[in-house]
Amino acid sequence: MADIIEKPAVIDPPPNLRDYDAMFGTFKWQDAYDRIEWFEDGTLNAAASAVDRHAESSRKNKVAMYWEGESAEKYTFLELSSLSNRFANVLTDIGIERRDRVFIFLPRVPELYVSFLGILKTGAIAGTMFSAFGPEGLYDRLHDSGARYLITNSKLLERVQGIRDDLPDLERVILVDGTDHSGTANAADASDAANAANAADVAENDVIYSEAIASASRKFDVARMSPDDPAFMLYTSGTTGKPKGVVHRHLAIAQQHATTEWVLDLHEEDIYWCTADPGWVTGISYGMLGPWSCGSSIVVHDGRFDPNIWYSMIERYQVSVWYSAPTAFRMLMRAEGAHRGHDLASLRHICSVGEPLNSEIVYWGIRTFGLPIHDNFWQTETGGILIANYPSVPIKPGWMGKPIPGIKAAIVDEAGKEVSRGVEGNLALLPNFPSMMLTIWKNPAKYEEYFMGGWYLTGDRALQHEDGYFLFIGRADDVINTSGERVGPFEVESALIAHPAIVEAGVIGKPDPLRGEIIKAFVVLSDGYEPSEELEAEVRRFVKTRLAGHAYPREFEFVETLPKTRSGKIVRRMLRAQELGLPIGDVSTLE
Ligand code: PRX
């Protein structure tokens, strides 16, 4: 029967994947720097390494990006290089300086990709924000980073208007509207843009992208950067406080390049689709920089998840390497049969990141595509892949894989001492790899908190088998992972208590078969409010529009009180224990 398949504990690597083992034996990061011809004089620029290198070679007319949104477009390496040069000139004309922060708040339109590269070329720091963010999520990021310029469109600008006066560092908004994406705006586009801009109530010195880029030069003298100069930053959540600005350096491209080749097995001839949004780290490291640095063509889909559309994308663009996340695979698995009728024979390698990849999904991959799904592990802070079921090693379904060459990973106890194989502990790494974060923006103390006894602590619990494979167990803290997106409970709690009906809130991740976890809120209502479905819906909408469209509680429980420590901190792990029916423990002793 077709449904009954073998479920081996170890799957031999498919024979069509390259064997990197010989090279891995003696690998040192220095070898990667020496191997990279674009790093000759000790300086580099990640945007030039990723794109301009190809624009100056015989690959210049090769398609770098197949883009599909409301229409379909293609960009060659030469076009991407010229457009990002133009955008770098636009920024230079308005006075950008090295290390200025420029944030992008756009859907996955080509201008997002062009402007990201252009910012890096000037030596400024690019920040990206997922288009589901609401005013509060935007404020936290723009305010903390002191962003000087913001690139957005007139629709999304509406979410910024209410906070703009509270952002003293934000000098200008660059508005992306009515462009034909290529930067050669025609009269109709320019007037559309002007109309949209009027409607959006722009400030006097704001810039209309299409107009500015059309008149900017295609030549730009790309800033040569030191390896440790910052290139981009992303905000990510911890247990306490507001999101932290993780800053990455130009040198990270060395690891993004190497791991794109070794783990994603990406090569020049591949057509590659990373489904992550550049508002998250995967969409930057492996949605742009890594694959372009390998000279591959990427596919971008600007639209919502839909199994039929996703399979059509693979079929239409003949995608050969696909990088996605467990929740997306689980959603496809639920849409059983949706792949039928699509020719998916172009696929030759599939990888996954961001959440535990249950072995069932690996077997589903074999059943559906004739390919196992290769798990790998890393984080916003690490900028690049660390642990992986890389191509030439057997896959152990359910396990994250082994450290890649150049990475020393270990399991340590609470004192930072390595534990024996098979024992659960904290997943730690030697922080000596090129894509390791440079710092936490304006918060060196937070940065220091990550380290103990020379180890970088990931905040994850895991164990290592005798054979070297790592198994993910869970977070060591209260951070929630919903659909592969990392959400800090504190931010959601803060958004909840801003609603007049709520006095106190405790937020946890509740295990969910589809999304890994969903956000569950325990709330204490203010006097005069009664629990009701209407109130729940209203609060949900409130959090969605203020904080973010993806980080709202799907489940509510109205309670009289919340478990607290003696010093008054909400004990989320008791809420979780209660939710899962586990022993609750004694809270009265907690400080
Ligand atoms: O808890 C781990 C989980 O996602 C966290 C990192 O999230 P973020 O910084 O948003 O980066 C996601 C994409 C790189 C980790 O601390 N995580 C990531 N990969 C895996 C994973 N959990 C289990 N298995 C994985 N392969």
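How many residues of domain 1 are in contact with residues of domain 3? Ten residues of domain 1 are in contact with ten residues of domain 3, where contact means heavy atoms within 4.5 Å.

Before going on, here is what we're looking at. This is a predicted model, so local features need pLDDT of at least 70 and side-chain atom pairs count only at pLDDT 80 or more, while totals for chains, interfaces and linings use all residues. Residues are numbered from 1 along each chain as its sequence is written, and side-chain values use heavy atoms, with hydrogens and water left out.

**Where the domains meet**

The protein splits into domain 1 (2-29 + 251-475), domain 2 (73-235) and domain 3 (480-589); these bounds come from an automatic or database domain assignment. Taken over C-alpha atoms, the centres of domain 1 and domain 3 are 30 Å apart. The two bury about 910 Å² between them, and 50% of that is on carbon and sulfur atoms. Buried area here is the accessible area (1.4 Å probe) that two parts lose on being put together, summed over both. On the domain 1 side, Trp280, Arg330 and Arg334 lose the most area to domain 3, together 43% of what that side buries.

What about charges? The rule finds one salt bridge across this interface; a salt bridge is a side-chain nitrogen of Lys or Arg within 4 Å of a carboxyl oxygen of Asp or Glu. The count by this rule comes to 34 salt bridges. One of the pairs is Arg486 with Glu381, at 2.8 Å from N to O. This pair ties together distant parts of the chain, 105 residues apart: Arg486 sits in strand E24 (residues 485-487), and Glu381 in the loop between strand E14 (373-377) and strand E15 (387-388). Helices (H or I, at least four residues) and strands (E, at least two) are DSSP runs, numbered from the N terminus.

**Empty spaces**

Rolling a probe the size of a water molecule over the atoms shows where empty space is left. On a 1 Å grid over the protein atoms alone, a cavity is a set of points where a 1.4 Å probe fits but cannot get out, and a pocket is an open set with protein on both sides within 12 Å along at least five of seven lines; lining residues have an atom within 4 Å of a point. Grid points are joined across faces, edges and corners, and a volume is the space filled by probe spheres set on the points. There are two cavities of 30 Å³ or more.

| Space | Volume | Lining by class |
|---|---|---|
| Second largest pocket | about 580 Å³ | four nonpolar, six polar, twelve charged |
| Largest cavity | about 80 Å³ | seven nonpolar, three polar, three charged |
| Second largest cavity | about 30 Å³ | six nonpolar, two polar, two charged |

For the classes, Ala, Val, Leu, Ile, Met, Phe, Trp, Tyr, Cys and Pro count as nonpolar, Asp, Glu, Lys and Arg as charged, and the others, Gly among them, as polar.

Strand E21 (residues 455-464) gives the most to the lining of the second largest pocket, with four residues. As for the largest cavity, E24 and helix H16 (489-497) each supply at least two lining residues. Among the 13 residues around that cavity, Phe133, Arg141, Glu491, His550 and Ala551 lie nearest its centre. The second largest cavity has Trp399 and Asp375 among its lining residues.
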